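Me: I would like to learn how to read a pocket and a sheet. Please take them in turn.

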Amino acid sequence: MIVSFSGLDGSGKTTLARWLYNRLFQENIPVKYVHLQNFSLFSNIGRLLDKIFPILRKSVAEIEFRREHSFKKRIIAFFRKISYIFDIAVFYIYIFFSEKKRVFICDRYFYDLAVQSMYLEMFDTKFSDYYLSLIPNPNIAFFIEISPKEALKRSNEKSIEFHNIKDNLYKQIAQKHTFNIIKNDRLEITQKKILDSFFSLYGRQ
């Protein structure tokens, strides 16, 4: 069973994903926490470059965030696409060899990786649709909804333009994929909604 958490930076998806993991672990439900961004080959290569060639990693990051379509950016985009499709294959294998009743709590999911890649202009809409057509569909895909202004306050990084663009990209994906949309207002209410949604599908022990 796959349960994914998606949303803007600062929406609380990591806090809620970790909370659900701990809650299910306490109930002796076989559960695994997976941070998809850390799982990604492309991200792991980036972290390795940070340790070995930090100047090169900084240069790659600067190219990624430039609003231009240079040859270097197209090369990086090509490797990002290849590595992200590789991630999907590895994830399928990972699930296949795990216990059948294990619950995978995914902090961020392939949806979030697609949104970030579209924001960076590494994926166009056509490739993003193709990429997302390959992924395992979550049993429950939670989208933690907050406004771009609130996301800016909570994350205290980037800009309102950054959050507005990503909010629109999530809305595009939500038109094609089924999300369980939960507005993150009061933590206790949000947690109850998540738990009720989970057990309505999983069943209580």
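Me: Which helices each supply at least two residues of the lining of the largest pocket?

Reply: Rolling a probe the size of a water molecule over the atoms shows where empty space is left. A pocket is an open set of points on a 1 Å grid over the protein atoms alone, where a 1.4 Å probe fits, with protein on both sides within 12 Å along at least five of seven lines; lining residues have an atom within 4 Å of a point. Here α3 (41–52), α4 (54–65), α5 (71–96), α6 (110–119) and α9 (160–174) each supply at least two. Helices are DSSP runs of H or I with at least four residues, and strands are runs of E with at least two, numbered from the N terminus. α3 gives the most, with 7 residues.

This is a predicted model, in which local features need pLDDT of at least 70 and side-chain atom pairs count only at pLDDT 80 or more, while totals for chains, interfaces and linings use all residues. Residues are numbered from 1 along each chain as its sequence is written, and side-chain values use heavy atoms, with hydrogens and water left out.

Me: Which residues of the lining lie nearest the centre of the largest pocket?

Reply: They are Q37, S43, R57, R80 and Q116, out of 30 lining residues.

Me: What is the order of the strands in the open sheet?

Reply: Two strands pair if DSSP finds at least two bridges between them. The 5 strands run β2-β3-β1-β4-β5, with parallel pairing. β2 (31–35) and β5 (180–183) stand at the edges with a single partner strand each, so one side of each has no neighbour in the sheet.

Me: Over how many bridges do β1 and β3 pair?

Reply: β1 (residues 2–6) and β3 (residues 103–107) pair over 4 bridges, in the parallel sense. S4 stands opposite C106 in β3.
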